[in-house]
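Look at the sequence and the structure below before reading on.

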Amino acid sequence: MFTEFTAQAQVQQQERELTRTLERRRVAAERAIEQHGGDRLALIAHLAREGRRARRTTGSAPRPVAG
């Protein structure tokens, strides 16, 4: 039987899981920034290069240019 208590418990469990996921991602992002000398711009540039490299190796079509 699905009660208000059961619904609330499920929502709380989902919130805890999301909180853990966000915290892991935050820690990973901070670690990545530290690996790039604390420079967020350097990290963004690195991620952009990695993304372009991944698109080249997978053979996907280039993204359209806005304009």
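A patch, as the word is used here, is made of residues with over 30% relative accessible area and no salt bridge, and like charges are joined into one patch when they lie within 9 Å. The model is a predicted one. In this model R16, R20, R24 and R25 form a positive surface patch. One of them, R20, lies in helix 1, which covers residues 4-35. The relative accessible area of R20 is 43%, so R20 is partly exposed and passes the cut-off of over 30%.

Helix 1 has 32 residues, and at 1.5 Å a residue they should span 46 Å. The C-alpha atoms at its ends are 47 Å apart, which agrees. After helix 1 comes G37, with a positive phi near 70 degrees. Helix 2 takes in residues 40-58.

Next comes the surface of the chain. Of its 67 residues, 4% are buried, where buried means under 20% relative accessible area. The chain exposes about 6200 Å², and 57% of this is supplied by carbon and sulfur atoms.

How many salt bridges are there? The count is three, with a salt bridge taken as a side-chain nitrogen of Lys or Arg within 4 Å of a carboxyl oxygen of Asp or Glu. In one of them the side chains of R26 and E23 meet, with N and O 2.3 Å apart. R26 also forms a salt bridge with E30, where the closest N and O atoms are 2.6 Å apart. E23, R26 and E30 are therefore linked in a network of salt bridges.

Why can these side chains meet along a helix? An α-helix has 3.6 residues a turn, so residues three or four places apart point the same way. R26 and E23 are three residues apart in helix 1, which separates them by about one helical turn. E30 and R26 are four residues apart in helix 1, again about one helical turn.

E50 and R53 are three residues apart in helix 2, so about one helical turn separates them. E50 is partly exposed at 34% relative accessibility, and R53 is partly exposed at 40%.

Key:
Residues numbered from 1 in each chain as written. Predicted model: local features only at pLDDT ≥ 70, side-chain atom pairs only at ≥ 80, totals over all residues. Heavy atoms only, no water. Patch = residues over 30% accessible without salt bridge, like charges linked within 9 Å, V, L, I, M, F, W, Y side chains within 5 Å. Areas by Shrake-Rupley, 256 points an atom, 1.4 Å probe, with all protein chains shown as cover. Lys, Arg positive; Asp, Glu negative; His and termini not counted. Charge placed at Lys NZ, Arg CZ, Asp CG, Glu CD. Helix = DSSP H or I, 4+ residues; strand = E, 2+ residues; numbered from the N terminus. Buried < 20%, exposed > 50% of the residue type's maximum accessible area, 1.4 Å probe, protein only. Expected span 1.5 Å × (residues − 1).
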